[in-house]
Amino acid sequence: MFRHLFTLIWNKKKQNFLLITEMLISFLVVFAVFTLVVFNYRNYRKPMGLEYENVWVVNYNNTLKTTNADSVMLFYEGLKQIIKSMPQVREVSYTSANIPFTQNSMMNGLDYKGKHINPNYCQSDEEYKNVLQIKMKEGRWFGKEDMNVSKRPIVINSTMKEQLFGKESATGKLIGDSKDLKIIGVIDDVKMKGDYTDAGAWLYVKIDTSSMPGIGRILVSVVPGTDAAFESRLYKTIANTMKDSNIEIEHLTNKLKDINYFALVPMIILSIVAGFLIINVALGLFGVLWYNINKRRSEIGLRRAIGATSGSVSAQLVSEALILATLSLIAGSFFAIQFPLLNVFDLPAGVYLTALALSVVFIYILVLICSLYPGRQAAAIYPAVALHED
Amino acid sequence: MLKNYFKIAIAVFKRRKFFTFISLFGISFTLTILIVLTAFIDKVINDNYPDRKRDRSLYVNKMTERGDQSYNGEALSFYFLDHYVRRLKTPVKLAVSSDYRGTNTYVNNKKISISYKYTNADYWDVTEYDFLEGKPFTKQQIANAERVAVISADIKRAYFGDVPSVVGKYIEADNVQYRVCGVVKNVPVTLYMLYSDIYLPYTVSKTDYSSNTGYRGGYYGILLAASSADVPKMKKEFEQMVKKLPMSSKEYNKIYCPAETFIPAYLNTGNEDKSGLVYALTAIAIFVLLVMLLPTLNLININITRIMERSSEIGVRKAFGASSQTLVYQFIVENIILTILGCLIGIILSLIVLKVLNNASLIPNLELTLNFTVLSVGLLTCLIFGLLSGVYPAWRMSRLNVVDALKAQ
């Protein structure tokens, strides 16, 4: 049966070659779209890991004339107390510019037992965890006891822990080139770059007196229902305390919307374009198959005349189309499988494999739909009429 | 002869309406994508509002200092532009402006997010903003550090509402009151070197602009030559100046700071080895190839089918002495007629899509339009399409054997 079908396909190799190429390229386009969709969807399913409603970000720049580390620290501690004393404010935290939901990234290379990773490097303080309501997985967050210790305390996230230590506990381990960073805790993964991007590896260090002048963000969590009137008061308070600084207040909810938009828009545009390409291809396939079948009326008529049922005729034509699809899918999968093998875009292999499976199913369904109607039409051919024509 | 081909073509299109529909659908849709893409690129890089003197300008927007271990790239410092670039002899004017930064203002308990930018007086001569009212601030006002501001039409509406004139009124931004001295037409944010909601004199900057005596900071420069013929000379002089710059620190051994015309500067990545222009072109080429490849293959398939269907017609013509060349020519003409039809539908479709996109205002103030460049790109694509999808089937057809062709039906 298959041998016979292959012979039939081989006899028309020139025309079939074009059809196969077309299916192959459609497969690659569908694969690209599915990879993106699967990746975004998997990330979307994961918990956010932080509370962003009612959290505001204050952008400022350090313009203090003094360079004395202690007086800088004293000034900002004072500012923190002023903000915290306002009735609508729950918690206040200083942090570096890579706050949640910004494109801003700071990465530092790190080696540990032959593994090289590039974690995001975030500076924060004791209240950071409470402002964003991050959950601890093991160990603890920064506290007062971290003052004046010889090894610099750091907190890492689950992804980084997985990368460095696998299943082992990370608390208490020393890392860094000169083993001067001591892990005191591991937090649950937090999607810092929005709903559709994976967490990545994160490393948190406590802001110390020397790094305070480089800090430019304050995270403020407020009670629900706080309005713009209070925001304006908060703004005036900070602006009057730091007269020379440029102040901007943003809301994490808006920042999340913006960063999600950046992830979604390319996917939507790509899906629309791919959708139209596929419709185009489907119509083309349909037309070509339909025409081919019409050309083979006499062959089909002969088969019917010697006793083939209408079902077997239609099955033959549909399976011919499906074999063509299989040939192109084998070639396509060969290209697609290179992505997880060569680890091209640093995505998990599972994403590629799911996308691969989905695209294979998609192309089969597409070809099936396009060949069913022509197949049924062929089955309806009366042998007497078909043979008479010739 | 052409008229005959045209008549035959129309007859053929009418005979197999389904195939005609598929072909037209493929062509017009592909063209729509390409036209929208071109309109976007054209708008972002070719629209010369507000910097209309692009042909005699060079843009400096980034400096990268490299060492064996370190790599730092950023916009320029005011000091660098004022001390090194201003001393060049060829430029007649030097526009200096900061990058745009964000702040808030609160009117009637409503929050407005504002971006602001510091500029010098020459900025207004080098660029040609359309002033809806008022005028730019002057050198004198800058020297006196007067708190004056040029605002955009958007901010005027958001802050003051629908009032006829706001010149002389005060606008509060970043906790400071500025007197409005002019209102300009909006600039889309994609022109990141020129976009802002409020333009302020650099002397009122809260951060002390003169204290940073390093090379890097948050400022851009536009160098204006007396004529476009002077631009290469200006570029050379700038390069010479950069070459002579002393290293700012021992960790660096190389400074990369090009003065470029608008497009290369717009795409400047700050890395000599990775030209942004090459990146952008590769990305666009891959996208276009993908978008065009599938419909082309589809068209070739359909065309072959259509030709085979007409094999008896071809057989008769061949039998009566038509050469292969004539047949190929006829078929290509037919195909080009079809693509041009598709092209027309595509242009109508793109007009609709552009209208929808503009109304959705994905990027505020970015009005996409069809213009001559965009249309000619569309036409060119059409021709390529018609030729690509016509040549191979036509060649197949011309090789048909007369006897086989006649026997087929």
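Two strands pair if DSSP finds at least two bridges between them, and strands themselves are DSSP runs of E with at least two residues, while helices are runs of H or I with at least four, all numbered from the N terminus. This is a predicted model, where local features need pLDDT of at least 70, side-chain atom pairs count only at pLDDT 80 or more, and totals for chains, interfaces and linings use all residues. Residues are numbered from 1 along each chain as its sequence is written, and chains are lettered from A and ligands numbered from 1 in the order in which they are written.

**Stop one: a hairpin**

Select residues 101–107 and 110–119 of chain B: these are strand 5 and strand 6, which run antiparallel and are joined by seven bridges. Click on T105(B) and you will find I112(B) of strand 6 opposite. Two residues separate the strands of this hairpin, and N108(B) in the turn has a positive phi of about 45 degrees.

**Stop two: where the chains touch**

Now show both chains. Here 33 residues of chain A are in contact with 32 residues of chain B (C-beta atoms, placed from the backbone, within 7 Å). On the chain A side, helix 7 gives the most, with 10 residues.

**Stop three: a helix pair**

Terms used. Two residues are in contact if their C-beta atoms, placed from the backbone, lie within 7 Å.
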